[in-house]
Amino acid sequence: MDGQNCLVENDWVCAEYVRTRSQELIDATVQHVGITAASILIGLAVALPLALLARRSKAFAGPVLGLTTALYSVPSLAMFSLLLPLFGLSAALVVTGLVLYSLTVLVRNILAGLEAVPEEAREAARGMGYGPVRQLWEVELPLALPALLAGVRIATVATVALTTVGAIVDYGGLGGLIMSGLRSDFKAQVLTASVLCVLLAVVADLLLLALQRWLTPWTRIRSGRVPGTRTAKVVEPA
């Protein structure tokens with residue numbers, strides 16, 4: 001009876017709501033995670049060639065960085081509205097918008113990581129007979145991983161938050177619960193979905209941090225730094 005009272009009294013904290021709506025919460029969380037993961041993975045697939053293009057020539061760097069920055073400055077509601085004629089009311093609409101938002105962080109951090117690769121490492125690779133493609137995949141990208149993964153962490157946390165905006169087209173994961181709870185003044189639903197959204201961002205960041213530390217153990221070495229190496233600066237959106 002006490003558990004049901006919190007629903008009747010519309011309390012902010014209500015265990016009965018979590019118990020009775022557990023499947024709804026799970027479904028919204030799974031959708032939220034799926035949209036976020038798809039957006040980041042596609043964003044990486046698009047950002048890498050853009051970063052390589054920007055590194056190739058200053059003539060390309062300006063337009064690429066300018067375009068990605070401009071896309072990030074577009075309000076989310078306007079972005080989804082512009083994409084609506086192309087994708088309709090679908091998950092693809094939300095994912096595409098989130099991919100475009102992620103590019104400014106991912107492109108800049110990939111570019112920063114590649115630029116921080118010591119020239120000595122490139123010369124050694126060329127001396128061993130590495131071609132441009134092999135040098136990129138086996139030398140440059142591994143050394144650029146700290147900056148690249150730092151960018152992925154920033155983009156992921158931002159995407160977890162922005163995914164909630166997808167609720168305007170019914171593909172916002174936990175954002176859908178937040179919006180419907182606000183419309184009906186259902187306090188427990190608003191708070192529970194909001195807390196889950198924050199937890200998703202924290203857990204995603206911690207998991208990516210663990211992955212970063214596992215893939216780049218050399219970054220934890222404080223002493224014995226190799227002369228000539230540089231540290232890439234992590235770039236965050238303004």
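The second largest pocket of this predicted model has a volume of about 240 Å³. Its lining is formed by 13 residues, and those closest to the pocket centre are Val33, Thr36, Ala37, Thr156 and Ala204.

**Lining of the second largest pocket**

- Three helices, α3 (22-56), α8 (132-163) and α10 (187-215), each contribute at least two residues to the lining of the second largest pocket.
- Helix α3 provides the largest share of this lining, with seven residues.
- In terms of residue class, ten of the lining residues are nonpolar and three are polar, while no charged residues are present.

**Largest nonpolar core**

- The largest nonpolar core comprises 36 residues, of which Val107 and Ile110 touch the most other members.
- At least two residues of this core come from each of α3, α4 (58-73), α5 (76-87), α6 (91-115) and α8.
- The greatest contribution to this core is made by α6, which supplies 14 residues.
- When neighbours within four places in sequence are left aside, Ile110 is in contact with Leu44, Ala47, Leu48, Ala51 and Leu148.

**A separate core**

**Helices shared between the features**

Terms used. Residues numbered from 1 in each chain as written. Predicted model: local features only at pLDDT ≥ 70, side-chain atom pairs only at ≥ 80, totals over all residues. Heavy atoms only, no water. 1 Å grid on protein atoms, 1.4 Å probe; cavity = no way out; pocket = protein on both sides within 12 Å on 5 of 7 lines; lining within 4 Å. Points joined across faces, edges and corners; volume = space filled by probe spheres on them. Helix = DSSP H or I, 4+ residues; strand = E, 2+ residues; numbered from the N terminus. Nonpolar A, V, L, I, M, F, W, Y, C, P; charged D, E, K, R; others polar. Core = buried A, V, L, I, M, F, W, Y, C linked by side-chain atoms within 4.5 Å. Buried < 20%, exposed > 50% of the residue type's maximum accessible area, 1.4 Å probe, protein only. Contact = heavy atoms within 4.5 Å.
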